[in-house]
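Reader: I have a chain to go through before I set anything up. Can you walk me through it?

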Amino acid sequence: MQGYARVSSGNNAMPHSLSAQVSYYSEYIQSHGDLEYVGVYSDEVLTGTKDSRSGFQQLFADCRSGKIDLVITKSVSRFA
C-alpha cells in the first residue's frame with residue numbers, strides 16, 4: 001500500500017502539513033497487519049499552479065507497472 005501527500009507551497013503551515021500527512025499515512029498503513037507498507041510519495045507545488053509533480057508521476061508509473069495496487073490520500077483533490 002502506498003500513500004500520496006501533496007501540499008501547496010507559499011504558506012508557512014504547509015511544510016508541517018506535508019510532514020503530518022506523511023506521518024499519518026506511514027503510521028496508518030503500518031498499523032494494519034494486512035497491508036504492506038511501501039512508502040509515501042509526496043509533492044510540494046506552488047499554490048495555484050499545475051507544476052510537474054514528480055512524486056505523483058512516479059506513483060502512477062509504479063501503479064501501472066503493478067508495483068502498487070492500493071493508494072490512500074487525504075482527499076481526492078490531492079490528485080487534482
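Author: What follows is a short talk through the fold, the core, the charges and the rings. Keep in mind that this is a predicted model.

Reader: Fine. How many helices and strands are in the chain?

Author: The chain has 2 helices and 3 strands. Their order from the N terminus is β-α-β-α-β.

Reader: And what share of the residues is buried?

Author: Of the 80 residues in the chain, 32% are buried.

Reader: Which residues make up the largest nonpolar core?

Author: That core has 5 residues: Ala5, Leu18, Tyr25, Ile29 and Ile72. Helix 1, residues 14-30, gives the most to it, with 3 residues. As background, nonpolar side chains tend to be buried together in soluble globular proteins.

Reader: Change of topic, charges. How many salt bridges does the structure hold?

Author: There is 1 salt bridge. It joins the side chains of aspartate 62 and lysine 67, at 3.8 Å from N to O.

Reader: Are those two buried or exposed?

Author: Aspartate 62 has a relative accessible area of 8%, so it counts as buried. Lysine 67 is at 62% and therefore counts as exposed, the cut-off being over 50%.

Reader: Where is lysine 67 in the chain?

Author: Lysine 67 sits in the loop between helix 2 and strand 3, the latter being residues 71-73. Its C-alpha is 9.4 Å from that of valine 38, and the two residues are 29 apart along the chain.

Reader: What about aspartate 43, which is buried yet has no salt bridge? What is the nearest side chain of opposite charge?

Author: That is arginine 53, at 5.2 Å. Aspartate 43 itself is in strand 2, residues 40-46.

Reader: Then what does the side chain of aspartate 43 reach?

Author: It reaches the backbone nitrogen of serine 54 at 3.3 Å. A polar atom of the aspartate 43 side chain also lies 2.8 Å from the backbone nitrogen of glycine 55.

Reader: Tell me about glycine 55. Buried or exposed?

Author: Glycine 55 counts as buried because its relative accessibility is 9%, and the limit is under 20%. It belongs to helix 2. Between the C-alpha atoms of glycine 55 and tyrosine 41 there are 5.2 Å, although the residues are 14 apart in sequence.

Reader: Back to arginine 53. Which ring does it lie over?

Author: Arginine 53 lies over the face of phenylalanine 56, at 4.2 Å from the ring centre.

Reader: On to rings pairing with each other. How many aromatic pairs does the count come to?

Author: The count is 3 aromatic pairs. One of them is tyrosine 24 with tyrosine 25: the centres are 5.6 Å apart and the planes are at 70°, so it is edge-to-face.

Reader: And how are the rings of tyrosine 24 and tyrosine 28 arranged?

Author: Those two are stacked, because the planes are at 20° and under 30 degrees is the cut-off. The ring centres are 5.9 Å apart. Tyrosine 24 and tyrosine 28 are both in helix 1, 4 residues apart, which is about one turn of the helix.

Reader: Which residues form the aromatic cluster?

Author: Tyr24, Tyr25 and Tyr28 form one cluster.

Reader: How accessible is each of the three?

Author: Tyrosine 25 is buried, at 3% relative accessibility. Tyrosine 24 is partly exposed, with 49%. Tyrosine 28 is also partly exposed, with 32%.

Reader: One more. Where is phenylalanine 60 found?

Author: Phenylalanine 60 is in helix 2, residues 54-64. Its relative accessible area is 31%, so it is partly exposed. Phenylalanine 60 and valine 71 are 11 residues apart in sequence, with 9.9 Å between their C-alpha atoms.

Reader: Good. That covers my list.

Key
Residues are numbered from 1 along each chain as its sequence is written. Side-chain values use heavy atoms; hydrogens and water are left out. Buried means under 20% relative accessible area, exposed over 50%, partly exposed in between (1.4 Å probe, protein chains only). A nonpolar core is a set of buried Ala, Val, Leu, Ile, Met, Phe, Trp, Tyr and Cys residues joined through side-chain atoms within 4.5 Å. A salt bridge is a side-chain nitrogen of Lys or Arg within 4 Å of a carboxyl oxygen of Asp or Glu. Lys and Arg count as positive and Asp and Glu as negative; His and the chain ends are not counted. A polar contact is a pair of N or O atoms within 3.5 Å; within protein, one must be able to donate a hydrogen and the other to accept it, and residues adjacent in sequence count only if both atoms are side-chain atoms. Rings of Phe, Tyr and Trp (its six-membered ring) pair if their centres lie within 6.5 Å; planes under 30 degrees apart count as stacked, over 60 as edge-to-face and the rest as tilted. A charge sits over a ring if NZ of Lys or CZ of Arg is within 6 Å of the ring centre and within 35 degrees of the ring normal.
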